[in-house]
Amino acid sequence: MSAPVLCLVFVQVLMVSLPIAAATAKTDEAVGFVDTGVEVGSVGWGLDPKTGAVVRIPKNQASTDPNDYKYELQCHLGAGDFDSVCLRSQLKCTNGPNGEDGIPVVWLSKPRGVPGAVWARHSGPMCLYDPNPEDVLPRIAAAIQKRFENLPVDAGAVVAQPSPHTLRGAETNFYADAKEQQFDITMFGQKVHVVATPVQYTWNYGDGTVFGPQPSMGGPLPQDRWGEKTRTSHAYGATGDFEVVLTTSFRGTYSVNEGPPLPIPGEGHFSTAPETISVWRSITRNYADDCNVNPNGQGCLGS
């Protein structure tokens, strides 16, 4: 049986859509994705002496080729990023020898066993076909939680009533102003749309008191009701300046290439910058003077 030959296809493509075929990570062959591309390793690949193409070499068959080979995705820049200009003209590897899809790659080589040897371009771009390609969706699903937690999600704003000054012993009404947010990012060369929705709130009032996480974001009170106890209000027992921090927990969904929204497994937690609240004390005195009769009496404006 002759060795399989890589097919060179000259086809222009404008869009990348799922499923995207990628190399299979098999347990008995050194094939798998790394940040700089797809590492093949020194065993399993060599030149076909008849065609000059890079082909699989059975493990029980020693290769006499003096080089090592690896392939990288055609437009891969490393760390999951792709060259958008390259993607518009990359090969479209569909309907391969056995009807399966393939991946567009370039081949790199370096002399085997030479210390300090560097990888150099050998050939390509060309289509690499594999009888059992890997879908890119599981790779996005495995990485989406970490990416979600590192998005620039706005935790919202802290609003206090009254503010920026309040009174010791009085209820200060706090509430959050947080909104749903949307992001468009790129993962493994695919367009991913993320929606982040606030679901839980944790209040750190700055005096050692923490309330939450809980689902209430609170809400405003009319001024004539300031001082009433609310779900998210807090009464300070001492005077001074206190730094209030709100941490908002978001749940997310993501969709790949305008596909259906899928849930992100965990939550992302994002905190506001500290908001300073100054707590003052009030003093009450009783006076017997009638300020209309004695404008200079204690407690009167003329005193």
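What follows is a short exchange about salt bridges in a predicted model.

Modeller: Local features here need pLDDT of at least 70 and side-chain atom pairs count only at pLDDT 80 or more, while totals for chains, interfaces and linings use all residues. Residues are numbered from 1 along each chain as its sequence is written, and side-chain values use heavy atoms, with hydrogens and water left out.

Biologist: Why is the contact between K179 and D177 called a salt bridge?

Modeller: The term requires a side-chain nitrogen of Lys or Arg within 4 Å of a carboxyl oxygen of Asp or Glu. K179 and D177 have an N to O distance of 2.9 Å, so the pair qualifies.

Biologist: How many salt bridges does this rule give?

Modeller: The count is 5. Among them is R225 with E228, whose closest N and O atoms are 3.0 Å apart.

Biologist: What makes K179 exposed?

Modeller: Exposed means over 50% relative accessible area, buried under 20%, and partly exposed in between (1.4 Å probe, protein chains only). K179 has 51%, so it counts as exposed.

Biologist: Are R225 and E228 buried, exposed or partly exposed, and why?

Modeller: R225 has 37%, so it is partly exposed. E228, at 32%, is partly exposed too.

Biologist: What does the salt bridge between E267 and R251 tie together?

Modeller: In this pair the closest N and O atoms are 3.4 Å apart. E267 lies in the loop between β20 (262-263) and β21 (268-271), and R251 in strand β19 (residues 240-256), so the pair ties together parts 16 residues apart in sequence. Strands are DSSP runs of E, at least two residues, numbered from the N terminus.

Notes. Helix = DSSP H or I, 4+ residues; strand = E, 2+ residues; numbered from the N terminus.
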